[in-house]
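Please keep the sequence and the structure in view while reading.

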Amino acid sequence: MIEFFFDCSSPWTYLAFHNIQPLAKEFGEEITWRPILVGGIFNTINPSVYASRENPVPAKLAYQKKDMADWARSAGLAIKMRPTVFPVNSVKAMRGCIFLGKDMVPFARAVFEAYWGEDKDISQDAVLGDTCKRVGVDAEKFFAGIGQQAIKDQLKANTDEVMARGGFGSPTIFIDKTDMYFGNDRLPLIREALIRRKERAA
């Protein structure tokens, strides 16, 4: 089983979200999508992210831009780094993913594309409303749904759970509950883990 803990506000997560789907399909594996709020993780256990944003190393920042562009080209995705609004408040979008449940993937993809590909502010209701329209989701039901306490509680529970299991950012990916991987660049290692798993089952 593959679990994918994610927040649409992360560019590396956009890449991994795109790249892990054909990989899972190749191995006949289901993905359990687990929306989280990565800001909650940074606030709780990983404040170093904020420190590095406040005092960036110029050479590292320049390389990160190139690295991101290389990975985006490899995945066939458009990514603007950085978007006009960065970091962005993704809480409504992530609650939306939870509200949509098993139908969240097209919506999540559209949110990623709106933010990272089209430089739209996904914290804004108008942008989320347009995103709903794009994927055939009733916007009125969507906004009513994300206001429910149970949806808010589930997003917090997912965020707390990934931290309790050793996660410190997005995307955090688990194979069979305990084998953890962090980031888009770990997908070759995930492939190897899936191959080993298949061999054991044979």
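Glu118 is partly exposed, with a relative accessible area of 35%. The model in which this value was computed is a predicted one. Glu118 takes part in a salt bridge with Lys120, and the closest N and O atoms of the two are 3.1 Å apart.

**Salt bridges**

- Side chains of opposite charge can pair when their charged atoms come close.
- In this model the count of salt bridges comes to 17.
- Lys120, the partner of Glu118, is partly exposed, at 33% relative accessible area.
- Asp176 and Arg197 meet through their side chains in a salt bridge, at 2.7 Å from N to O.
- Because Asp176 lies in the loop between β3 and β4 while Arg197 belongs to helix α10, this pair ties together parts that are 21 residues apart in sequence.
- Asp176 is partly exposed, with a relative accessible area of 33%, and Arg197 is also partly exposed, with a value of 22%.

- Lys177 forms a salt bridge with Glu3, in which the closest N and O atoms are 3.7 Å apart.
- Lys177 is in the loop between β3 and β4 and Glu3 is in strand β1, so the pair links distant parts of the chain, 174 residues apart.

- Helix α5 spans residues 91-100 and is mostly covered, with seven of its ten residues buried.
- The buried residues of α5 are Val91, Ala93, Met94, Gly96, Cys97, Ile98 and Leu100.
- Which elements cover these buried residues? They include the strands β1 (2-6) and β2 (31-35), together with the helices α6 (104-117), α7 (125-134), α8 (139-146) and α9 (149-164).
- Gly101 follows α5 and has a positive phi, near 55°.

**Packing of α5 against α8**

- Two packed helices are described by the angle between their axes and the distance between the axes.
- For α5 and α8 the angle is about 100°, and the axes are 9 Å apart.
- Because angles of 65 to 115 degrees count as roughly perpendicular, α5 is described as roughly perpendicular to α8.
- On the α5 side, the contact is made by Lys92, Arg95, Gly96 and Phe99; on the α8 side, Lys141, Phe142, Gly145 and Ile146 take part.
- By class, this contact has three nonpolar, two polar and three charged residues.

**Two loop residues**

- Asn184 is found in the loop between β4 (179-182) and α10 (187-201).
- Asn184 counts as buried because its relative accessible area is 2%, under the 20% cut-off.
- Apart from neighbours within four places in sequence, Asn184 is in contact with Trp12, Leu15, Ala16, Asn19, Trp71 and Pro171.
- Gly166 is found in the loop between α9 and β3 (172-175), and Gly166 counts as partly exposed, at 39% relative accessibility.
- Gly166 and Thr178 are twelve residues apart in sequence, and their C-alpha atoms are 9.4 Å apart in space.

How values were computed: Residues are numbered from 1 along each chain as its sequence is written. This is a predicted model: local features need pLDDT of at least 70, side-chain atom pairs count only at pLDDT 80 or more; totals for chains, interfaces and linings use all residues. Side-chain values use heavy atoms; hydrogens and water are left out. Buried means under 20% relative accessible area, exposed over 50%, partly exposed in between (1.4 Å probe, protein chains only). Helices (H or I, at least four residues) and strands (E, at least two) are DSSP runs, numbered from the N terminus. Contact means heavy atoms within 4.5 Å. Axes are lines fitted to C-alpha atoms, for helices over the stretch in contact, and angles run from 0 to 180 degrees between N-to-C directions. Angles under 35 degrees count as roughly parallel, over 145 as roughly antiparallel, 65 to 115 as roughly perpendicular and the rest as oblique. Ala, Val, Leu, Ile, Met, Phe, Trp, Tyr, Cys and Pro count as nonpolar, Asp, Glu, Lys and Arg as charged, and the others, Gly among them, as polar. A salt bridge is a side-chain nitrogen of Lys or Arg within 4 Å of a carboxyl oxygen of Asp or Glu.
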